Amino acid sequence: MASDNEIILRMEHINMFFPGVKALKDVTFNLRRGEIHSLMGENGAGKSTLIKVLTGVYAKTSGDIIYCGNHINPKSTLESQQIGISTVYQEVNLCQNLTVAENIYIGREPRGRFGAIDWRKMSNDAQKLLKNSLGIDIDVNQTLSFYPVAMQQMIAIARAIDTRCKILILDEPTSSLSDKETEKLFSIMRDLRDTGISIIFISHFLEQIYAICDRITVLRDGEYVGEYDVKTLPRIELISKMMGKEIKEGEIETTQSKSKARESVFLSTEHLTVPGKVKDLTMNIHEGEVIGLAGLLGAGRTEIAESLFGLNQATSGTIEVEGVKVSVKSPMDMMDRRVAFCPEDRKSAGVFGDLSVRENIMIALQAKNGMFKHMPRAKQNELADYYIDLLRIKVSDREQMLSNLSGGNQQKVIIARWLATQPSLLILDEPTRGIDVGTKTEIEALAVSLAREKGMSVVFISGEMGEMVRTCSRILVIRDHVKITELAEDEISEAHIMQAIAGDYHGHA
Ligand SMILES: Nc1ncnc2c1ncn2[C@@H]1O[C@H](COP(=O)(O)OP(=O)(O)OP(=O)(O)O)[C@@H](O)[C@H]1O
Ligand SMILES: [Mg+2]
């Protein structure tokens, strides 16, 4: 960290009002030179809005921004980039149909003598940038959509790092990255900090905040709560400040009483095989149990989930639901059997930004009931309100457009959509990514209570071992698309899961 504590950016009395929503109320933010500073707050607290006010995406209602001693008022992302403020937004804002190289150099393409774009230089530079800064070796002439979300995120980060900035802003950059990729990013962030660049880092992973940040500013309900040194702010106090109430040790992330599997099996597979995705999977899912799929990124957990939901077609093996063999051609076949799947990549999967929160919640249920059996509006309202309340979705009202919700609240709407179909089997792929600490515990508890009280079967996928341990009563460990072992009840611990993934623990199964 720079020793002089020089303030490079000061945001004062910032107000940002959307129609009907006061997203920021008299917010203060101070950023020092050469520090990594986290903005913390619950879903909808105003973090992304503050970033967008700073970078000219939104025109603030009032307030001052003083950057390097001058008042600034950027009108666009490009303008803020030109003065040295580079941003990776929460939504990956790259162009899917352009190449990787084009995405990295868009708006600042290298040009030849006569002003024509020097395509060869552009590819070479892009290749070098990715290799040198992030250790990524990919074909930069491929269109972006060819690569998975995690890779796209890395590309967005490379682009931001390359624009010789004074301030680098990363709004939840790690939510789709693996531990290894996150480590790589952190080491780059430390290097950048040591050269005097200031970094604003937003994440709901407390571990990451404590690993990388120097200071924290907390927002709550669009208001400034305070700024703190990470070293002197215990986690429990940070959470209290975010939630606005006293939290006692153990109140968050406690182990709840687990679900209890019933005798009857809801779904089973035998030797299920989907080429390249699932290898010879035999498993049972009982009624009333929360069953976890553990494994590293790329192990094949999501592919298994997709196959259970009919998104992938098996070439051999069988799926039975309630003892009856089903021929699965599409998700509709599984939805008919009361299976629901809430996918990991909720940013692109099924977010209908220009529909209302109510419509987004109703859409799967409506599809299941048949488009022509229209549900009365009063009933729709009642259901929407129920789920808004249950998942504490922050909206001004149920008719608000989904795209106007904060990132985490949009995710909650997608979870609500699948809950509303009242499935017998609910598959949740990374349900708490991007969800704030308070609500996260509630979603874990909800999964358990649906299983325990309603007898629902839940398949739970999470990269956070602690969360799996808290939630699941049985865990299948997946490696290279193969189930290598099962852990039951007392065998479930973070250490055992890690050992099993590494191949050193075989449980009893
Ligand atoms: N374009 C918009 N129109 C209306 N309201 C908006 C708009 N953008 C954001 N809001 C509202 O402003 C508030 C703050 O949202 P913001 O996206 O800044 O939250 P956040 O702290 O980034 O949350 P998350 O952790 O979920 O990403 C929310 O109540 C949101 O609904
Ligand atoms: Mg946000």
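Student: Where does ligand 1 lie relative to domain 1 and domain 3?
Tutor: Ligand 1 lies between them, because domain 1 (7-97 + 143-243) and domain 3 (348-422) both give residues to its shell; the domain bounds come from an automatic or database assignment. This is a predicted model, where local features need pLDDT of at least 70, side-chain atom pairs count only at pLDDT 80 or more, and totals for chains, interfaces and linings use all residues. Residues are numbered from 1 along each chain as its sequence is written, while chains are lettered from A and ligands numbered from 1 in the order written.
Student: Nice. How many residues surround ligand 1, and which are closest?
Tutor: There are 19, with Phe18, Ser48, Thr49, Ser406 and Gly408 the closest; a residue counts if its C-beta atom, placed from the backbone, lies within 6 Å of the ligand.
Student: Which elements give two or more residues to that shell?
Tutor: Those are β2 (21-32), α1 (47-54) and α13 (407-419). Helices (H or I, at least four residues) and strands (E, at least two) are DSSP runs, numbered from the N terminus.
Student: Switching topic: is glycine 353 buried or exposed?
Tutor: Glycine 353 counts as exposed because it has 12 C-beta neighbours inside 10 Å. The cut-offs are 20 or more other C-beta atoms within 10 Å for buried, 12 or fewer for exposed, and partly exposed in between, with C-beta atoms placed from the backbone.
Student: And where is glycine 353?
Tutor: In the loop between β16 (339-342) and α11 (357-369).
Student: Last one: which residues of α6 are buried?
Tutor: They are Glu181, Leu185, Met189 and Arg193.
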